Amino acid sequence: MAVTTLSFLSTLPSSSSSLIPISSSHPSPTITAPKSSSGRICCRKNEALVHNEDGFSRRDVLKCLGATISIASSGSFVEMAMAADLIQLRQRSEFLSKVKGTLYDAIKANPELLPSLLTLALNDAMTYDKATKSGGPNGSIRFSSEISRPENQGLSSALNLLEEAKKEIDSYSKGGPISFSDLIQYAAQSAVKRTFLTAAIRKCGGNEEKGNLLYTAYGSNGQWGLFDKQLGRSDTQEPDPEGRVPQWQKASVQEMKDKFSAVGFGPRQLAVMSAFLGPDQLATENLLASDPDVLPWVQKYQRSRETVSQTDYEVDLITTLTKLSCLGQRINYEAYSYPVKKVDFTKIKL
């Protein structure tokens, strides 16, 4: 059965000038205060204040403390209200925004490396072994003995790009160096988001303003929320075992299906990740379409890419990438934040 020829990677810009920042139309996640069982903290007034290096003013902290004590004294049951948690969330949110900005600049200057960044993230994660609970997106691909393997051929330039980006990120990180495992997965996220935004701009005849509005109105940017929470992966200190990742461009469809099945994915996820399986997405999809299990999904996502919103394709791709980026990983939810002493306000005598 014939398939259409519109690919995800065909939306890539021919020059770096086609890429535009998305930070203006997609602000950082809003942090809200935790709710108690019968009360809530609300901020109803904005004031110009002098902030400290954490982004919080002294008055902000005092307001949170006063509001929490007020709730407790009015009879609300408060198990643990910790202003430190709000500070850490704010720090992580600001840090992640800076990371995305750095990655945007790096990708904008080297758009030809975008497909390699996708495959780099895939291959780093696909070393996961369910039986031994080892491997996964742990940054092992940074080791020379692993990046030089046949399945990683052509990915060194993408890794070099991230190594340079890491130097800049570490220079402003307040909570220690960013892990390669986080950096590699967030580079893939940035690459995917840039490509969807570029596709929206092209559908608007190259008008950047209209393209931004189109992606904001019909895109699935909000779907990235869960991915953004998975910040705090740890790096391994040795390469992962050989033989766990196929050479995608030489593998049969059955070999691809077997590998995806081994990490808990099926034909649907294989089809939606076609852009990660090598630089020629159309060639990959033509191969995948020869398998009756994968064909319906290839057709589904090709049809979706022809629509204005690409919703089915984008949502499934984001969901799969989010799951892939956490295979076997334990997330440190306090990574990259200053250690802040936590206060149990329930023990404060009023």
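Reply:
**A close look at one residue**

Gln281 is found in helix α11 (helices are DSSP runs of H or I of at least four residues, strands are runs of E of at least two, and both are numbered from the N terminus). The model is a predicted one, in which local features need pLDDT of at least 70 and side-chain atom pairs count only at pLDDT 80 or more, while totals for chains, interfaces and linings use all residues. Residues are numbered from 1 along each chain as its sequence is written, and side-chain values use heavy atoms, with hydrogens and water left out.

Is Gln281 buried or exposed? Its relative accessibility is 2%, so Gln281 counts as buried (buried means under 20% relative accessible area, exposed over 50%, and partly exposed in between, with a 1.4 Å probe and protein chains only). Not counting residues up to four places away in sequence, Gln281 touches Ser7, Phe8, Leu9, Ser274, Ala275, Arg305 and Tyr313 (a contact means heavy atoms within 4.5 Å). With one of these, Ser274, the side chain of Gln281 makes a side-chain to side-chain polar contact at 3.0 Å. A polar contact is a pair of N or O atoms within 3.5 Å; within protein, one must be able to donate a hydrogen and the other to accept it, and residues adjacent in sequence count only if both atoms are side-chain atoms. Pro115 is 166 residues away from Gln281 along the chain, yet their C-alpha atoms are separated by 9.3 Å.

**Around helix α11**

Helix α11 covers residues 281-288. Together with α3 and α10 (267-272), α11 is what the buried residues of α9 pack against. Those buried residues of α9 (residues 253-262) are Val253, Met256, Lys257, Lys259 and Phe260. They cover an arc of only 165 degrees around the axis, which puts them on the same side of α9 (the arc is that of the directions from the helix axis to the C-beta atoms). Just after α9 comes Gly264, with a positive phi of about 95 degrees.

**The nonpolar core**

Which residues touch the most other members of the largest nonpolar core? They are Leu118 and Phe276, in a core of 72 residues. A nonpolar core is a set of buried Ala, Val, Leu, Ile, Met, Phe, Trp, Tyr and Cys residues joined through side-chain atoms within 4.5 Å. Helix α6 (residues 180-203) gives the most to this core, with eleven residues. Leaving out residues up to four places away in sequence, Phe276 touches Leu118, Thr119, Leu122, Ala188, Val192, Leu317 and Leu321.

**Other buried places**

Asn138 is found in the loop between α3 and α4. Its relative accessibility is 7%, so Asn138 counts as buried. A polar atom of the Asn138 side chain lies 3.0 Å from the backbone nitrogen of Ser140. Beyond four places in sequence, Asn138 is in contact with residues including Asp124, Ser181 and Gln329. Lys133 is found in the loop between α3 (114-125) and α4 (144-147), but at 61% relative accessibility Lys133 counts as exposed. Phi of Lys133 is near 55 degrees, a positive value in a residue other than glycine.

The segment after α13 holds Tyr336, which counts as buried at 6% relative accessibility. Tyr336 has a positive phi of about 65 degrees although it is not a glycine. Ser337 also lies in the segment after α13 (311-324), and it counts as buried at 8% relative accessibility. The side chain of Ser337 reaches the backbone oxygen of Gln88 at 3.3 Å. Apart from neighbours within four places in sequence, Ser337 is in contact with Gln88, Gln91, Arg92 and Gly175.

**The chain as a whole**

The chain has 13 helices and zero strands. Buried residues make up 49% of its 350 residues. Among contacts between residues at least 6 apart in sequence, 79% join residues at least 24 apart.
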